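Take a look at the chain below. This report walks through its charged pairs, its core, its rings and the confidence behind them.

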Amino acid sequence: MTWPVPLKRFRHDESGAIAILFALLMPVVLGAVGFGVEVGSWYAARRELQSAVDAAAVAAAIEKYNGSSTSTITSEATTEAQRNGFTTSGGGTIVVNIPPTSGSYTGDSLAVEVRLTKPIQTLFLRYLVQSTSVTASTRAVAKMQMQAGNGCVVALNSSASGAFRITGTVTVSLLNCDVVTNSSSSTSLIATGGTLVTADCVRTVGATADEAHFSTTSCGGVQEGARKYADPYEDRSVPAFTGCDHNNLSINSSGTNNLSPGTYCGGITASGNNSINLSPGTYVMYDGAFNVSGSGTISGNGVSIILMGSSASNVGNIDFTGTRTVNMSAPTSGAYSGMLFYQSEAASSSGTNRITGGTNFNITGAVYTPKRKIDYSGNSGGGTSCVQLIGDTVEFTGTSGANSSNCGSAGVTLAGANLSTLVE
């Protein structure tokens, strides 16, 4: 067939093909661009939501540590999330789990889990996914964790005047050691007479009117308004009571007395001039005190003295007096690593733990009495011991000393400030 000339030209004319192809591909190009913009906006919205949930979890962990109720913790988490752009309007939700219900910290009573969800409106993709929104979900877990520190004398009471007190005309030397009070009182540190306390650092949440009595080797004076220090042993617990191995043990005759680990119902009372040797292990004073006076010696390496009771008021005290030569040290591993004396957190607030001794008084490890006062006038026995005193309040009398120069090998946990930290 022979085409007329005009038709031949039309048949072979390819001009305008690009325009047709562009028109055909335009919806695809616009769809790809729209998809990219849409996904980018989703990621931006999710990042914003993650920032909000992180802030909420950190705030919730602080409230948890401060002992707030679940409703207060949830309220604070919600407020902090809203400060960071989150809103419950339009279908946003917040869930606070104490403890977390998923992840590595499931069941951890010190951790708080916060979950945020928020609908994100779709634009281009609503025509593909047949939905006007997609749901973004974020999660964060935070808990209070102790940072590294060198607190070896710590008063845990949050409000007491004289939470750390020095009485008399005494010199107290605390080598490689920080003195810390968690009390917010304006007189949280009290020193009288010609007292001089020398420590690496002295820190208090509150303040003191007696700063002249404190000399610091590392911190340039007393640090007031400091961050609250953590209780390094708050996760420890007393052993289960399974019955008495001994009842009201009294040692007052001369000679050598060898004791073995076990449960001493009614506690131990030792007096007179004699030798007492404690084999390594855990000694439970149940409904009784650890009362040691007199002269002679008492020794024991790898020993933990646990004071507990059938009720808060029945928890006995440490009453360590006399002129005995003392050489006692805590275990360096295990459930009570570093713990020489441990008074149950269930104890009532009444009563005082007394630890005194002379130049031959050498104890290594922690004296931990979170609900009761420690009255300490012992000498650490040279430059080799690690003495850690953590009580509700702490008072030093006499020419006292404590040393934390070798605490790294003593098994203790040195106290530091608590910080709310994201862990997931």
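## Salt bridges around E113

R139 forms a salt bridge with E113 in this predicted model. Their closest N and O atoms are 2.6 Å apart. R139 lies in strand β3 (residues 133-146) and E113 in strand β2 (residues 111-121). The pair therefore ties together parts of the chain that are 26 residues apart in sequence.

E113 has another partner. R115 also forms a salt bridge with E113, and here the closest N and O atoms are 3.3 Å apart. E113, R115, R139 and E424 are linked in a network of salt bridges.

Which of these residues are buried, and which are partly exposed? Buried means under 20% relative accessible area, and exposed means over 50%. E113 has a relative accessibility of 0%, so E113 counts as buried. R139 stands at 23%, so R139 counts as partly exposed. R115 has a relative accessible area of 31%, so R115 is partly exposed too.

## A buried charged pair

The count for the structure comes to 8 salt bridges. One of them joins D178 and R203, with the closest N and O atoms 2.9 Å apart. D178 sits in strand β7 (residues 178-181), while R203 sits in strand β10. The pair thus ties together parts that are 25 residues apart in sequence. Both D178 and R203 are buried.

Strand β10 covers residues 201-204, and β11 covers 214-216. A207 has its place in the loop between them. What does A207 touch, leaving out residues up to four places away in sequence? The list is S185, S186, T187, S188, L189 and E224. A207 can also be compared with T181, which is 26 residues away along the chain. The C-alpha atoms of A207 and T181 are separated by 9.6 Å.

## The nonpolar cores

In soluble globular proteins, nonpolar side chains tend to be buried together. The largest nonpolar core here has 50 residues. Which residues have the most contacts inside this core? They are F290, F320, I363 and F396. Strand β17 (residues 281-292) gives the core its largest share, 4 residues.

F320 shows how such a residue is surrounded. Residues up to four places away in sequence are not counted here. F320 touches F290, V292, I298, V326, M328, F341, R354, I355, T356 and F361. There is also a second, separate core of 21 residues. Its members include L156, Y229, V284 and A415.

## Aromatic rings

The structure holds 11 aromatic pairs. F320 and F341 form one that is edge-to-face. Their ring centres are 6.1 Å apart, with 90° between the planes. F320 is in strand β20 (residues 318-320) and F341 in strand β22 (residues 339-343). This pair links distant parts of the chain, 21 residues apart. Both F320 and F341 are buried.

Why is the pair of Y342 and Y368 called tilted? Planes under 30 degrees apart count as stacked, over 60 as edge-to-face and the rest as tilted. The planes of Y342 and Y368 stand at 40°, so the pair is tilted. The ring centres of Y342 and Y368 are 5.4 Å apart. Y342 is in strand β22, and Y368 is in strand β24 (residues 361-369). These two residues are 26 apart and link distant parts of the chain. Y342 is buried, and so is Y368. Elsewhere, F164, F214, Y376 and F396 form one aromatic cluster.

## The whole chain

Now step back. The chain has 424 residues, and 45% of them are buried. Its secondary structure comes to 4 helices and 29 strands. Consider contacts between residues at least 6 apart in sequence. Of these, 54% join residues at least 24 apart. The accessible surface of the chain is about 19,000 Å². Carbon and sulfur atoms account for 52% of that surface.

The chain averages a pLDDT of 83, and 81% of the residues score at least 70. Among the elements, strand β19 (residues 303-308) has the highest mean pLDDT, 98. Helix α1 (residues 5-12) has the lowest, 52.

Over residues 380-384 the pLDDT is below 50. This stretch has 16 contacts in the model beyond near neighbours in sequence. Where pLDDT is low, the predicted coordinates should not be read in detail.

Definitions and conventions. Residues are numbered from 1 along each chain as its sequence is written. This is a predicted model: local features need pLDDT of at least 70, side-chain atom pairs count only at pLDDT 80 or more; totals for chains, interfaces and linings use all residues. Side-chain values use heavy atoms; hydrogens and water are left out. A nonpolar core is a set of buried Ala, Val, Leu, Ile, Met, Phe, Trp, Tyr and Cys residues joined through side-chain atoms within 4.5 Å. Buried means under 20% relative accessible area, exposed over 50%, partly exposed in between (1.4 Å probe, protein chains only). Contact means heavy atoms within 4.5 Å. Rings of Phe, Tyr and Trp (its six-membered ring) pair if their centres lie within 6.5 Å; planes under 30 degrees apart count as stacked, over 60 as edge-to-face and the rest as tilted. Accessible areas come from the Shrake-Rupley method with a 1.4 Å probe; for residues, only the protein chains shown count as cover. A salt bridge is a side-chain nitrogen of Lys or Arg within 4 Å of a carboxyl oxygen of Asp or Glu. pLDDT is the predictor's confidence in each residue, from 0 to 100.
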